[in-house]
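I set out to look up the fold and the aromatic contacts of this chain. The entries below follow the order in which I checked them.

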Amino acid sequence: MCGRYTVAIQAQEAADELRAVLTIDAIEPRFNLAPTEDAPIAIEREERRIGLARFGLVPAESESPKAAGARWINLRAEGVATQRAFAESASRRRCLVIADGFYEWKREGTKKQPYHFRPVGGGLITFAGIWDIWQGGVGDETKRIPSFAILTTKPIAPVADIHDRMPMIVPPALRDRWLSPDEQDAREVIRAIQRAEPVALEAFKVSTKVGSVANDDPSLIVPLDDERLR
DNA sequence: CCAGACGTTGTT
DNA sequence: GTCTGG
DNA sequence: CCAGACGTTGTT
DNA sequence: GTCTGG
């Protein structure tokens, strides 16, 4: 599963790599991005844009963002396209979640050991996501809250040693297809991603400080030892 | 996702 | 033990 | 026809 | 938004 991740890349770098237009000035470097916080995503409408949305899907028909809470931070890629509450988003509102790594916790008895995963060689990775806009309030109090969920899938090495789910990573070659509004059958693209050569990852054991969302600095991704999972 | 807060009753 | 907040 | 439910994840 | 129940 994926409830915490990192994104510390230049906005312009992301825009160039994704061939997207920026609607934000910068991407704030984050080393412990958590549910309910705003995060950069790329979507495609008339043009491809990078903007901010809340991590944790708030379906449009939700009573409130508070009611949705952090319930839908992740959705199983296997079923999302056919579940009635999410099918519409999966078909027409897919997004790329911009990141450079993610955390998973390994349960060792009563202890929980966090690991940081990142692409070998570093750089940008994109998670498959779906998004929606929740609107509420009346008159001048009206609010418009974009939000997203990260799709999850069965883990590949080295995640499989640590946890039994992982975020679905869209390889660079399939990003266009994932975002394309013309591709309305989400199942097809998901299958294509799962057939594709996976993005190679490496991982290191990191400090349990990452557990607390109050901590958010580069020390969180510093390896605790030399052991490098691949 | 994890961490941390929450938690009663009656009475004045 | 469960809910809430980030 | 309308109203109301639906929908996650993980873990044991 | 879509499906199900009545």
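I took helices (H or I, at least four residues) and strands (E, at least two) as DSSP runs, numbered from the N terminus. On that basis I found five helices and 13 strands in chain A. I worked on a predicted model, in which local features need pLDDT of at least 70, side-chain atom pairs count only at pLDDT 80 or more, and totals for chains, interfaces and linings use all residues. Residues are numbered from 1 along each chain as its sequence is written, and side-chain values use heavy atoms, without hydrogens and water.

I then looked up burial (buried means under 20% relative accessible area, exposed over 50%, partly exposed in between, with a 1.4 Å probe and protein chains only). Of the 230 residues in chain A, 51% are buried.

Next I turned to aromatic pairs: rings of Phe, Tyr and Trp (its six-membered ring) with centres within 6.5 Å, stacked with planes under 30 degrees apart, edge-to-face over 60 and tilted for the rest. I noted seven such pairs in the structure. The ring centres of Tyr5 and Phe55 lie 5.6 Å apart with planes at 70°, so I recorded this pair as edge-to-face. Tyr5 belongs to strand 1 (residues 5-7) and Phe55 to strand 5 (residues 48-55), 50 residues apart. Tyr5 is buried at 0% relative accessible area, and Phe55 is buried at 0% as well.

I also checked Phe102 and Phe127, an edge-to-face pair at 5.9 Å centre to centre and 75° between the planes. Phe102 sits in strand 8 (residues 101-108) and Phe127 in strand 10 (residues 125-136), so the pair joins parts 25 residues apart in sequence. Both Phe102 and Phe127 are buried. Finally, I recorded one aromatic cluster formed by Tyr5, Phe55, Phe102, Phe117, Phe127 and Phe148.

Methods:
Chains lettered and ligands numbered in written order.
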